[in-house]
Structure formats: C-alpha cells, structure tokens
Amino acid sequence: MQLAFQKVFQACKNGEKIPFFVESDDRKAQLEGILSYDNSHFNLLKLNGILKGSITLICDISGEEYEKTLNEPLEFYLSDGFVNLDNEHFEDVVECENSSINFKEILHGELEMIRCDYHTKDD
C-alpha cells in the first residue's frame, strides 16, 4: 500500500486522520494505525500504530527458530524525503522516498529492526 505524501499531508493538515493497514508477505505480521498532523512538527506526518501478529526469530543461544508474538505500539514521524533535524529536537523520523508513503516498506523495516536485536526463546 502506497500513498502520495503531499496528498496525505494536506488532508491531515486540514484535520483528517488517515487510517492504514498492511500485512507482511507471509501474512503473519500486521501494521495498522493512523496518520495525522502534529502542529509542533510543521512539515512531518505523525504515525501512530501497532505492530501485531508474529515473527520467526532465531534464538541467539541455541540457534533454534521460534515464533515471537508481536504487540508493539509504534509512534514516529514521516518526512517527504530527506529531513535535516537539529540535535536538540531529534525525533524518530522515517524518510519517505519518491514522495510516497510505502507502508509495506515501513512494516518490513520494523520487522528487520526486531530481527537484528538479541533474542532468546525464553523472552
């Protein structure tokens, strides 16, 4: 699912909240939530969502695969391309390429960040 950044930005700036839902290719993980405008960040969209479902991970102790249940709240900002933030007001920002919000890519990125952490089956 992709949306044009400027079109969504304008709708959100006018007070709308844009819902979204996307599934991973294996349909085990889902990202859903809303996009909105935050007055304190004049050129960014705010994403509030939840990452649900499950992910297959490898235990860093035993090397065995296991399923981890996901129920992770997410909150960060989206920018239309490169954004230059000063260090004093840094927020989590995902830069959208080609003036397009690609929810599949965002979901994939969140799942990869989880995979890169240290994991044990007993967590």
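**Fold, pocket and selected residues**

Q: Among contacts between residues at least 6 apart in sequence, what percentage join residues at least 24 apart?
A: In the protein chain, 53% of the contacts between residues at least 6 apart in sequence join residues at least 24 apart. A contact means heavy atoms within 4.5 Å.

Q: What kind of model is this, and how are residues numbered?
A: This is a predicted model, in which local features need pLDDT of at least 70 and side-chain atom pairs count only at pLDDT 80 or more, while totals for chains, interfaces and linings use all residues. Residues are numbered from 1 along each chain as its sequence is written, and side-chain values use heavy atoms, with hydrogens and water left out.

Q: How many helices and strands are there?
A: The protein chain has two helices and seven strands, running β-α-β-β-β-β-β-β-α from the N terminus. These are DSSP runs numbered from the N terminus: helices are H or I with at least four residues, and strands are E with at least two.

Q: What box do the C-alpha atoms fill?
A: Along the principal axes, the C-alpha atoms of the protein chain fill a box of roughly 50 × 35 × 25 Å.

Q: What percentage of the residues is buried?
A: Of the 123 residues in the protein chain, 38% are buried. Buried means under 20% relative accessible area, exposed means over 50%, and partly exposed lies in between (1.4 Å probe, protein chains only).

Q: And the accessible surface, what does it come to?
A: The accessible surface of the protein chain is about 7800 Å², with 47% of it belonging to carbon and sulfur atoms. Such areas come from the Shrake-Rupley method with a 1.4 Å probe, and for residues only the protein chains shown count as cover.

Q: How many positive and negative side chains are there?
A: The protein chain has 11 positive and 25 negative side chains, and the centres of the two sets lie 8 Å apart. Lys and Arg count as positive, Asp and Glu as negative, and His and the chain ends are not counted. Each charge is placed at NZ of Lys, CZ of Arg, CG of Asp or CD of Glu.

Q: Turning to the largest pocket, how much space lies in it?
A: The largest pocket holds about 200 Å³ of space. Of the 13 residues that line the largest pocket, the closest to its centre are Ser-24, Asp-25, Asp-26, His-108 and Leu-111. On a 1 Å grid over the protein atoms alone, a pocket is an open set of points where a 1.4 Å probe fits, with protein on both sides within 12 Å along at least five of seven lines; lining residues have an atom within 4 Å of a point. Points are joined across faces, edges and corners, and the volume is the space filled by probe spheres set on them.

Q: Which element supplies the largest share of the lining?
A: Helix α2 does, with five residues. Both β4 (45–58) and α2 (103–115) supply at least two residues each.

Q: Where is Lys-104, and which residues does it touch?
A: Lys-104 is in helix α2. Not counting residues up to four places away in sequence, Lys-104 touches Met-1, Val-22, Glu-23, Ser-24 and Asp-25.

Q: Where is Arg-27 found?
A: Arg-27 is in the loop between β2 (18–23) and β3 (29–37). Its phi is near 65 degrees, a positive value in a residue other than glycine.

Q: Why does Arg-27 count as exposed?
A: Because its relative accessibility is 62%.
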